[in-house]
Amino acid sequence: MYRAIIFDLDGVITDTARYHYLAWKRLAEGLGVPFDEAFNEGLKGVDRMGSLDLILRRGGLDPDVAERLRLADQKNDDYRQLVATMTRADVLPGALEALEAARGLGLKVGLASVSKNAGTILERLEITSFFDVVADANLIRRGKPDPEIFLTVAEQMGIAPADCIGVEDAAVGVQAIKSAGMLAIGVGDPVILAQADRVVPSLVGFDLAALLKT
Ligand code: B16
Ligand code: MG
């Protein structure tokens, strides 16, 4: 009965979450703001300026708009240097098989990433052709947890949200999928992703048909 599956990129298809972490940590610590894995969890899936705001707020800092843009650019330059080394080998275990299996089940396959670097990363991973629709983060006004990005992909596919499945590793991403009226599959920690309809530890052995029967 489902007609489409829409994947998040960072943390689901590839571990760019690690590179976002490293680049934000470097920026935050340069500003004297403490940064650790637990704080980083709250940045996952949040767009660039939103993430920067959270870091600045944590440090009690309030720079002007020009300085904020400079800091965001600095983080993005570091991040782009880190992802420039990525290859097909950086696709997470099970992800290619999951994409192929979805296609095999007759589902349309979409990508809903709020990353403005998503297109570059798909190219580096050589997986652009696995997707029928890739959301253009530059056209999205509201990031996750707003459902806009998932709804945009569904609309471009011409498929009703209720007929779509969303796959996410971030709590805000799961919230976005649920607000869009889609079935949410979380990838990761069931405590962090408690709002998801189903949770799997990773995409290894991802069996959508079996998951939908549970
Ligand atoms: P960029 P996703 C999100 O990607 C990341 O999870 C988040 O950490 C990042 O800040 C955001 O993209 C923006 O990325 O700075 O490259 O535009 O999880 O939606 O694929
Ligand atoms: Mg993610």
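First, the conventions. Residues are numbered from 1 along each chain as its sequence is written, while chains are lettered from A and ligands numbered from 1 in the order in which they are written. Because the model is predicted, local features need pLDDT of at least 70 and side-chain atom pairs count only at pLDDT 80 or more, whereas totals for chains, interfaces and linings use all residues; side-chain values use heavy atoms, with hydrogens and water left out.

I start with the metal. Which residues are the protein donors of the magnesium ion, ligand 2? They are Asp 8 (OD), Asp 10 (O) and Asp 169 (OD), lying 2.1 to 2.2 Å from the ion. Donors here are N, O and S atoms within 2.8 Å of the metal (3.2 Å for Na, K and Ca), and water is not among the atoms, so sites may look incomplete. Along the chain the donors follow the spacing D-x1-D-x158-D. The element names come from DSSP runs numbered from the N terminus: helices are H or I of at least four residues, strands E of at least two. Both Asp 8 and Asp 169 are buried, where buried means under 20% relative accessible area, exposed over 50%, and partly exposed in between (1.4 Å probe, protein chains only).

Next, strand E1, residues 4-7, which holds Ile 5. Ile 5 counts as buried because its relative accessibility is 0%. Leaving aside neighbours within four places in sequence, Ile 5 has contacts that include Ala 102, Val 109, Met 157, Val 167 and Phe 206; contact means heavy atoms within 4.5 Å.

Met 157 also belongs to helix H7 (residues 148-157), where the buried residues are Glu 148, Ile 149, Phe 150, Val 153, Ala 154 and Met 157. These buried residues pack against E1, strand E2 (108-111), strand E3 (133-134), E4 and H8. After H7 comes Gly 158, with a positive phi near 75°.

Now helix H1, residues 16-30, and two of its partners. With helix H3 (residues 48-58), the axes come within 11 Å and cross at roughly 40°. Axes are lines fitted to C-alpha atoms, for helices over the stretch in contact, and angles run from 0 to 180 degrees between N-to-C directions. H1 and H3 are therefore oblique to each other: angles under 35 degrees count as roughly parallel, over 145 as roughly antiparallel, 65 to 115 as roughly perpendicular and the rest as oblique. From H1, Trp 24, Leu 27 and Ala 28 meet Arg 48, Ser 51, Leu 52 and Ile 55 of H3.

The other partner is helix H4, residues 65-83, packed on H1 at an angle of about 140° with the axes 9 Å apart. That makes H1 oblique to H4 as well. Among the H1 residues in this contact are Tyr 19, Trp 24 and Leu 27, and among those of H4 are Leu 71, Tyr 79 and Leu 82.

Last, Met 86, in the loop between H4 and helix H5 (95-104). Is Met 86 buried or exposed? It is buried, with a relative accessible area of 1%. Not counting residues up to four places away in sequence, Met 86 touches Thr 14, Thr 16, Tyr 19, Arg 124 and Leu 125.
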